[in-house]
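Student: Hi! I have a structure open and would like to talk it through with you. Can we start with the core?

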Amino acid sequence: MNSFPPKEILCHAFNKTPYYRELFKRHNIDINSINSKEEYRKIPFLTKQIIQQEKHNLLESDYSDEESRKSLIIQRTSGSTGKILKTYWKKNDSIRSLYYLWNIRRRYNILPNDKLLSFHSAIYHKDKVIKPKLYMFNHGNHLSLCKMNLTDEIITQFHSEIEAFQPKWIMAQPSTVYLFSQFFKKNKLPVYDSLRYIELTGEYLSNSIRAEISDIFKVPISNQYGCMEANSIACECSKGQLHVMTKNVYIEIMNNEMPAEEGETGEIIISCLTNSVMPIIRYKIGDKGKLIHQHGCSCGNTNPIIELKTGRIGENIYIKGKAPISSFLFHYITENININYNNCILHFHVTQENDKDFTVRLVLTDDTPQLRQKVEELFRAEIIEQGLGSMKWIFMFCKDIVTNKISGKLQFFTNKYKETIE
Ligand SMILES: [Zn+2]
């Protein structure tokens, strides 16, 4: 069981950061009285918006001037709002927060200086955004490639760079690795023989995408759940479960401001136990999931298991007279079909064209008229069950994945309607 974070973390936040000092005072929170999970829940949530607004007020006051911040590691991520979120770390805290993740990588014989291939959308150099196609870090041991607009032509160019680089491991979003796997498949090319391990992160990993990547690359794959604000949150064990890194984060699952029951889905709230310069306490990370404490996972790890119910997906479905619906719904639908029909959907993409028209594009493993008909039937039945039966749905079967040229992310949903109402 993970108990709530040690009191020193709260005392440190109160004593050292203007934001928390002000927050605790405003809400009459006496840190010394926080001795239970119930009292811990009195602390108001931290949100992405607060991180953006409060900026340096969230930092230890020793780092209030720019010069002192130069010694810190700055991690940036662009939230769904498109605004950049900056997180600061002391070097030693960052190492501590990643220690358990490195333990896992070591199991696959991956060490910090082993050649890593990763992907970026932009790179920050002295607070300026640069968008190089290729960037080298860690004295030439870390090659980062731009993941935007990964067309066949660009992948072909990158492929020769990667071959010359000889990565031992890849850390990337599932959708990016999937694009490369399709490139190998289509061109009947051998995969990189230097490759030993793939770590997937940053997006929800569906069973079908995982199976396809595994089939092509034939190296161990591990799924990692993390964020720039806390580094690692959970990592996959040999049995395929995401165990929470309890030495690095404390997780709560909340439902309408109330703690969720054991195994009940709710909003994921994290507190980081290792970042001292920028305390992250009760942070709404923006994902949904459930926490299972009593699991008896046969890998032997007794840390709670987290099951994600949403990925890092910002797009919603908009229906007149209804609250926005998470497009993650389409993941549920396709996974349901895949579980019962031998992972027949390889890839999918849904577009909301306007207030009532939707286009569903599907790539099937075995593209026969019978299977097309069956999948469409099942998809329609699920749509009706989800209360979207009154919308107009058009199905198209394609040979290829539809990629989003703008974000480079796994875009299984595009909302064209949103652009006209926002
Ligand atoms: Zn396990």
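Tutor: Happy to. This is a predicted model, and its largest nonpolar core has 66 residues. I233, V249, I270 and I306 are the ones with the most contacts inside that core.

Student: Let me pick I306. Which residues does I306 touch?

Tutor: Leaving out residues up to four places away in sequence, I306 touches Y225, A234, L242, V244, I251, G289 and L291.

Student: Zooming out for a second, what percentage of the protein counts as buried?

Tutor: Of the 422 residues, 34% count as buried. As for secondary structure, the protein comes to 12 helices and 23 strands.

Student: What about contacts between residues 24 or more positions apart?

Tutor: Those pairs make up 60% of the contacts in the protein with a separation of 6 or more.

Student: Which way do the residues of β3 point?

Tutor: L116, S118 and H120 point one way, while L117 and F119 point the other way. Residues on both sides are buried.

Student: Which strands is β3 joined to?

Tutor: Strand β7, residues 142-146, is joined to β3 by 5 bridges, and the two run parallel. Strand β8, residues 169-172, also runs parallel to β3, with 3 bridges between them.

Student: Say I click on L116. What stands opposite L116 in β7, and what is its bridge partner in β8?

Tutor: In β7, H142 stands opposite L116. In β8, the bridge partner of L116 is W169.

Student: Nice. Now helices: how do α8 and α9 pack?

Tutor: Helix α8 (residues 174-187) packs against helix α9 (residues 207-217) at an angle of about 45 degrees, and their axes are 9 Å apart. That angle makes α8 oblique to α9.

Student: Is their crossing left-handed or right-handed?

Tutor: The crossing of α8 and α9 is left-handed.

Student: Which residues meet there?

Tutor: From α8, you have P174, V177, Y178, S181, F184 and K185. They meet I209, E212, I213, I216 and F217 in α9.

Student: Great, I'll go and select those. Thanks!

Technical notes. Residues are numbered from 1 along each chain as its sequence is written. This is a predicted model: local features need pLDDT of at least 70, side-chain atom pairs count only at pLDDT 80 or more; totals for chains, interfaces and linings use all residues. A residue is buried if 20 or more other C-beta atoms lie within 10 Å of its own, exposed if 12 or fewer, and partly exposed in between; C-beta atoms are placed from the backbone. Helices (H or I, at least four residues) and strands (E, at least two) are DSSP runs, numbered from the N terminus. Two strands pair if DSSP finds at least two bridges between them. A nonpolar core is a set of buried Ala, Val, Leu, Ile, Met, Phe, Trp, Tyr and Cys residues joined through C-beta atoms within 7 Å. Two residues are in contact if their C-beta atoms, placed from the backbone, lie within 7 Å. Axes are lines fitted to C-alpha atoms, for helices over the stretch in contact, and angles run from 0 to 180 degrees between N-to-C directions. Angles under 35 degrees count as roughly parallel, over 145 as roughly antiparallel, 65 to 115 as roughly perpendicular and the rest as oblique. A crossing is left-handed if the near helix is turned anticlockwise from the far one by less than a right angle, and right-handed if clockwise.
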